[in-house]
There are 2 protein chains.
Amino acid sequence: MTTEQTHSDRMKALQAEQQKKTSEARDPGRGLVLVHTGNGKGKSSSAFGVIIRALGWKQTVGVVQFIKGKWITGEKQFFMSFKDQVDWHTMGEGFTWDTQDKDRDIAAAEAAFARAADMMQSGAYDLIVLDEINIALRYDYLDVAAVIETLKGRSTRTSVILTGRDAKPELCEYADLVSEMTEVKHPFKAGIKAQRGIDF
Amino acid sequence: MTTEQTHSDRMKALQAEQQKKTSEARDPGRGLVLVHTGNGKGKSSSAFGVIIRALGWKQTVGVVQFIKGKWITGEKQFFMSFKDQVDWHTMGEGFTWDTQDKDRDIAAAEAAFARAADMMQSGAYDLIVLDEINIALRYDYLDVAAVIETLKGRSTRTSVILTGRDAKPELCEYADLVSEMTEVKHPFKAGIKAQRGIDF
């Protein structure tokens, strides 16, 4: 048997395996809950990438930003020109070290979550991104049990992505997918500035 | 000292630390090289999220897809309506188990890389995404030393993101940033079908 035949045979076996997996997979009949966590880059940006997929299929998307505040980002400028399809709410007051006021941080987190809860129950969205909500959970600005209850009560149509480092174990337990972004090498560590179009 | 004062003081110290880091960071004066690897979800989608950031700042973007072939994805449908700003090339022939022809896979990878090399040298792009190129490198359809040489010779204006699992160590060594997406929990494993708007 030549190498070429071996490759072809191996690939045929792999194809059969993939086809079996695909044919056995079931449609959950509801939106999924995805958690993007870890200390590496890509948690929010991959949620924005999933938004693009949804928009490509003409779906309707909501975004609530729990931490990011007033500063201008490329993603915000971009999605602002899709107001028909993307309902974008920046509810954060900025980093905790900039507000320096825990009560204000808690109030901002609660207001953001109230907005998110309305959106999840409304049935008006295919996908909702709760950007950096894990940070608000980590500092106990929000109660994880209450967040999970609200996720359970969401419209069956709606998938939800929750981003931010240090995701709570209870949330990961409930989620359909958990992806951890690990920092192997980061330019900030090498003293390189955050870059427009890459980091924000 | 009340708890509130303690919080405020701690945050002031943290703020000072962050400001020091930011003021000491330098601008590299060139585009960055980023690698998104690992077995988890988010490698390609976070590259698409970075594209959104770039587009928000009116930058120009190129995409070469090394593996993905003819099938329709949300991202492709979406970016097709941004032809002025996004130069999109799907050069793959599909999964290796579908082509079942190694020579054809190699020819496709080489053609995709020739296109990518032209784009990287042209100086016409702020950001270029080489989607799933790591797969082509892993199977030695492309030579990693040649890829690194081409990256070194790119226009200084251009940042490049290379995605796909099993990134070569030599490539990670050269890159400014390496982010590893780890699968903690995946719906496919629980027998759930790939979802339109989430997975493609």
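**Figure 1. How chain A is put together.** In chain A, 79% of the contacts with a separation of 6 or more are between residues 24 or more positions apart; a contact here means heavy atoms within 4.5 Å. This is a predicted model, in which local features need pLDDT of at least 70 and side-chain atom pairs count only at pLDDT 80 or more, while totals for chains, interfaces and linings use all residues. Residues are numbered from 1 along each chain as its sequence is written, chains are lettered from A and ligands numbered from 1 in the order in which they are written, and side-chain values use heavy atoms, with hydrogens and water left out. Chain A has eight helices and six strands, both taken as DSSP runs numbered from the N terminus (helices: H or I, at least four residues; strands: E, at least two). Along the sequence they read α-β-α-β-α-β-α-α-β-α-α-β-α-β. The C-alpha trace of chain A spans about 70 × 45 × 35 Å along its principal axes. Of its 200 residues, 56% count as buried, where buried is under 20% relative accessible area, exposed is over 50% and partly exposed is in between (1.4 Å probe, protein chains only).

**Figure 2. Chain B laid on chain A.** A turn of 180 degrees with a shift of 0.0 Å along the axis puts chain B on chain A with an RMSD of 0.0 Å. That's the relation of a two-fold axis. The copies are superposed by least squares on the C-alpha atoms of residues with pLDDT of at least 70 in both. In chain B, the C-alpha nearest the axis belongs to B:S46, 1.7 Å from it. Both copies use the same surface, with 100% of the contact residues of chain B recurring in chain A.

**Figure 3. Where the two chains meet.** The contact takes 75 residues from chain B and 75 residues from chain A. Together the chains bury about 6,700 Å², 60% of it on carbon and sulfur atoms; this is the accessible area (1.4 Å probe) lost on putting the two parts together, summed over both. Two salt bridges run between chain B and chain A, each a side-chain nitrogen of Lys or Arg within 4 Å of a carboxyl oxygen of Asp or Glu. One of them joins B:R53 to A:E75, with the closest N and O atoms 2.9 Å apart.

**Figure 4. A salt bridge within chain A.** The side chains of A:D176 and A:R30 meet at 2.9 Å, N to O. They're 146 residues apart, A:D176 sitting in the loop between helix 8 and strand 6 (177-185), and A:R30 in the loop between helix 1 (3-24) and strand 1 (33-37). A:D176 counts as buried at 15% relative accessibility, whereas A:R30 is partly exposed at 34%.

**Figure 5. Two loop residues with positive phi.** Most residues other than glycine have a negative phi. A:D166 has a phi near 60 degrees and lies in the loop between strand 5 (159-163) and helix 8 (169-174) of chain A. A:D166 is partly exposed, with a relative accessible area of 41%. For B:E132, phi is near 70 degrees; this residue is in the loop between strand 4 (127-131) and helix 6 (133-138) of chain B. At 15% relative accessibility, B:E132 counts as buried.
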